[in-house]
Amino acid sequence: MSETTSPAEAGGLRYDFAAAEPRWQAEWDARDCFAVPDVPPADRPKYYVLEMFPYPSGQLHMGHVRNYTLGDVVARYKRAQGHAVLHPMGWDAFGLPAENAARERGSDPARWTMDNIAAMRGTLKRLGLSLNWDREIATCLPDYYGQQQTLFLDMLQAGLVERRDALVNWDPVDQTVLANEQVVDGKGWRSGAVVEKKRLSQWFLRITAFAPDLLSALDGLESWPERVRVMQAHWIGRSEGARVSFALTAPAGGVKSVEVYTTRPDTLFGMSFLAIAAEHELAAIVAATDPEAAAFIAECRSLGTSEAAIESAEKRGYDTGLRVAHPFLDGVSFPVWIANFVLMEYGTGAIFGCPCGDQRDLDFARKYDLRVPSVVSAEDGPDPALRDFPGDVAYTGAGTLIHSGFLDGLSTDAGRKAAIARLEEIGAGRGVVNWRLRDWGISRQRAWGCPIPIIHCLSCGAQPVPRDQLPVRLPDDLDFARPGNALDHHPTWKHVACPRCGAAATRETDTCDTFVDSSWYFARFTAPRAETPTVRAAADGWLPVDQYIGGIEHAILHLLYARFFTRAMRATGHLGLDEPFARLFTQGMVNHESYRDADGTWLYPDEVERGGAGAVRRDTGAPVSVGRIEKMSKSKRNTVSPEAIIDRFGADTARWFVLSDSPPDRDMEWTEAGVIGAARFGQRVFRLVSAVAETIPAGPSADVPAGTSADAFGGAADTLRRATHRAIEAVTEAMEGFAFNVAVARLHELASALSEAGQQARSVELDWARREAAERLCLLIAPMMPHLAETLGALLVPGGALVAQSSWPKPDPALLAARRVTIAVQIMGKLRGTIEALPDEAAETVIAAAEAEPNVARLIEGKRVVKRIHVPNRIVNLVIAG
RNA sequence: GCCCGCCUGGCGGAAUGGUAGACGCAGCGGACUUAAAAUCCGCAGCCCGUAGGGCGUGCCGGUUCGAGUCCGGCGGCGGGCACCA
C-alpha cells in the first residue's frame, strides 16, 4: 500500500464509473445486445418503445436525458421480461436553425446538421442507452426523404393531396412564409418587418378527410393521457348545426344569397344582423363600388392574424347597405355588415347575428346600436316578458324559446331540430356537421427540407416527378447569402424538362413542413434501409409502438399528424393499422433555480456557490439573488450540461437522479444536492455488493439449495430474504406503473436491508440470503443503472452472463408475507394501539388480542362494544355504544 | 371566457376506502477520526405532556365502522384553447 492511498480507497473499494461505463458500452456493442431483426422473432412477444426523436441542435439537454432515460428503463425492463425490444433512435434533422446557421456563419446546413448529430450521438452513447443504433435515421438524408416523396406521390394518387390557394403570413424582407407563432405583434420574428397576408398556391394534405375517424378513435386510446385526448378532440372540433341561406333583397354583383353556418338555428328569431368576413366574396363585390368598404377591408387585413392583434382588436364593422330576408318571417329583412370578428376560414365566412345568445354578437350589436330581440327564457336568464334583451351579458345556456313564432315553447334543443326541419322543408337550409380542423398546408418556402416531388409545366400543369427519378435530392451547393428560398434561386436545380411533354419546366421549390418528416419515422424504424417507405412484414410485426414517450408540447400537432399519416399510409397500402401509438406517456420538464447578479446578469449554476441561506458568486463572493425555479433555458442560463454531469458523476448517476423523487409525468427540479445523493447511493450499492462478492463465494443464485425450503431460514436470514422478495415484487409493480420514483425508493430499502444484514453475525443461511439479496439487487437496478449493474454482476459471478441479457427476477410467493403482521387497533376509527399477530390469524383471536391491548382495554372498560370490524392483517375497529 | 389538471411535513414526494407522511433531500444528535471528509447508527408533522391525549392531506359539507382516497360545493395554483358562430 502506498502512502498516497486516498482516504476513500482506504475506507473501502470505490466504484470507478469513468472506467466502467465505456467498458460496458463497448461490451454491449460487441455482443450486439440490443439488435433485433426487421421482422420480430416468433419465439418472444415484441415490444416497441420509442422516445420522440430530437432535433439536432448540437447539444443534448437535460430534458432529453430524462426522456431517453425513461424510455431506456422501459426497454431494459421489457427485454429482461423476455420481450424482443425495438428501441431505435434518429434525428428530426430538417428545419430552420440549419438555415439560420448557414446565413449567420456561412456554414453548409447539411454539414452543420451532421456535425450536430455526431456530437449528440456521442452524448447519447455515453448515457448507455440500449438503442438499436444500426437503425439510426436522419430525416435530412435522401434515404429517408426520398421515401417520403414516394409517400407524397402515393397520397396524391389516392386523392389525399390537393393544391390550392391559401392566405399566408408573408415576410417581405426575408421573403418567406411565416408560421403563426413566428409572427410577433404583427411583425416577422427575425426581420421585424410588418407581415403581409399573401395568397399563395400551396400543397395541402387532406387531414379533414379523416376528421370523423381521428375524433372517434380517440375513445380507443385508453392508455393515452386524458388531457391529450381532450386537447385533440377540441382541436378537431366537431360541431352540429345548420347551413342557412339568406336571400339578398336585391342581388349584388350576381350574388343572390349569403350562406351562413350556425350551431344555434333555434335562435333564428333572435336575428339582428348578418355579418360576413372581410375576405368574403360579397365584401369584395361591395368594395368594388364603395371606397369606404374597401378601406375597412384593407384595415381588417392589415390587422394580421397574430394573437396579440386579435386580442386587442375590438369588434368593428361596416354596414354594406345590403339587406337579407329572414327565412321564416315574410317581409322582414336585416342589414348585412362586414365584421372584423368573422373568420373566413371557419364555416362559410358568414354568420347571422343573434346578440341575445352570443357574447360577440351582443358586443357588436351594442356598439352599433342594433336591435337585440330576446328569444330564450330560463331561470337564470332574462325576464321573459321583455322583447328586447337587457344588459351586456349574453345568455348562452339552454332554456325555452319565446317570441319565436312556430318555435315558441320548445326547449332550445327541440327548437334546433324543429328549425332545421323547417329550413329543409322550405329549401332555405339544412343540418350539417362542421369541423374546426382544417387541411394541413405543408408547403414551406425553405431550402432545408424535403423537396416536394412535383414539376410545374406551363402547358401540362403540376406533374408528379416520375418514380424512377426519386429521390429528388437537395443540391449540395445552396447559397444562403441572399434572402428568400435558396432552392428557388439556385442556378440550375429547378430547371428540368416536363416529364409529360418534355418542354422546359421547373421543379416545385417549396419543401415539406418538418412535421411531415416526424409523422412517419416510427414506421420507418421498422425497416430503415428498405427501398420502399415501409416493408409490410416488418411494420405489421412491430407496430403499433407499445410505448411512446415525449413532451406534452406535442400533444396536438405532432401526435395528430402521426395519427393522420398512419391512416393515410394505410389507405396507400404502406401500413395495416390506424393508430400508431398504443400507449403514450408525457414526461414533465426539468427545471432549475435561476441566478442573477447584483446588476441583473443571469449566471450559470457553475458560477454560483449555493449556501444554506443564500448564494454568492464563486469567483468574487458577491451576493447572488436566487430566482424562480423554472424550465432550463439558455436565456436564463439555468442549464446544466449532461456532458459535464456525466464527466463528474457518470451516466448511471445522471440516470438515477432523473428517475428519483419526482414522478415521471411531473416537472422535476435539478439540484446539485440531488445528483450528489444519487452518486452516493451508487457508491453505497457498490460497497454493499462488492463486500458480498468478496466474502461469500459464488454458488447459490437462482434457487434455494436442494432440500431447503423457504421456511428453512430463520432470524436475520429470513428477514433479509423476505425483504428481498418483497422488493422484487414492489419494484416490478412500480415498473409496470411507470412509477420509477417508487422503484427507486424500494431499491433504497433493499440496500438498507442488505446493509443491516451485513452487520449481523455471519451464518451459512445469512451468507446465502445476502448473496441472494445482492444478486437480485443487481438485476433490479439494472434498467436504471445498467453500467453499475454489469460491474456488480461480474463481481458476483465472474464470467457469468451479462446483466443486460439476464432475466428479470420473480419473487417467491412464500416469502412475500411477513412472518408477523402489525395490526392497528382503532376505537371509533381512531388509532388506540397496535398488536402483533400471525398472518391470516383467525378473526376471533385477533379481536380478542385487540381488546386485551392495555390502552384499548382501558378505553373500552365499562363500555359496550357494539360492533367489531376486522380487516385481515390490517386493522381492528371497535365501535362502542354511548 | 371555456376546457383540463393539481393542492399531503422545511422541500421532492409515498399511500388496492384500512396505522397519513414510505423513500430521498435539507436539518439535528451520536459513533469512528488528532481533526475533517467519507461512512455507519439514531431523531424528526404540529400542539400539550409522565403515561397518554388533541389537531392534522387547501376550505366547507356529505357517504362510511373508518376518507388524502368516494360524492357535492367553495377557494387557490398551473396548463391548454380562445372572436371557431
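Phe94 and Tyr145 are both buried, a term that denotes under 20% relative accessible area, with exposed meaning over 50% and partly exposed the range in between, for a 1.4 Å probe and protein chains only. Their ring centres lie 5.6 Å apart with the planes at 45°, so the pair is tilted. Rings of Phe, Tyr and Trp (its six-membered ring) pair if their centres lie within 6.5 Å; planes under 30 degrees apart count as stacked, over 60 as edge-to-face and the rest as tilted. Phe94 belongs to the loop between β3 (90-91) and α4 (96-105), and Tyr145 to helix α6 (residues 142-157), so the contact ties together parts that are 51 residues apart in sequence. Helices (H or I, at least four residues) and strands (E, at least two) are DSSP runs numbered from the N terminus.

The model is predicted: local features need pLDDT of at least 70, side-chain atom pairs count only at pLDDT 80 or more, and totals for chains, interfaces and linings use all residues. Residues are numbered from 1 along each chain as its sequence is written, chains are lettered from A and ligands numbered from 1 in the order in which they are written, and side-chain values use heavy atoms, with hydrogens and water left out.

A second pair is formed by Trp440 and Phe565, whose ring centres are 6.2 Å apart and whose planes meet at 70°, so this pair is edge-to-face. Trp440 lies in strand β19 (residues 440-441) and Phe565 in helix α17 (residues 557-571), so that distant parts of the chain, 125 residues apart, are linked. Trp440 counts as buried at 3% relative accessibility, and Phe565 counts as buried at 2%. The count of aromatic pairs comes to 33, and one aromatic cluster is formed by Phe53, Tyr521, Phe522, Phe525, Tyr548 and Phe581.

The description now turns to strand β28. Six of the seven residues of β28 (residues 590-596) are buried, so the strand is largely enclosed by the rest of the structure. Strands pair if DSSP finds at least two bridges between them. Strand β28 runs parallel to β33 (residues 668-669), to which two bridges join it; here Val590 has Met668 as its bridge partner. Five bridges connect β28 with the antiparallel strand β32 (residues 623-631), where Glu630 stands opposite His592. Five residues separate β28 and β29 in a hairpin, and Gly600 in its turn has a positive phi of about 90°.

Of the RNA strand B atoms that come within 4 Å of the protein, 65% belong to sugar and phosphate. Helix α22 (residues 740-758) gives the most to the surface near RNA strand B, with seven residues.

A phosphate oxygen of RNA strand B lies 3.3 Å from a side-chain N or O atom of Arg436. Polar side-chain atoms also approach phosphate oxygens of RNA strand B from Arg680, at 3.2 Å, and from Asn855, at 3.3 Å. The charged end of Arg436 sits over the ring of Trp235, 4.8 Å from its centre, where the rule asks for NZ of Lys or CZ of Arg within 6 Å of the ring centre and within 35 degrees of the ring normal.

How values were computed: Near = heavy atom within 4 Å. Polar contact = N/O pair within 3.5 Å; in protein donor to acceptor, adjacent residues only side chain to side chain.
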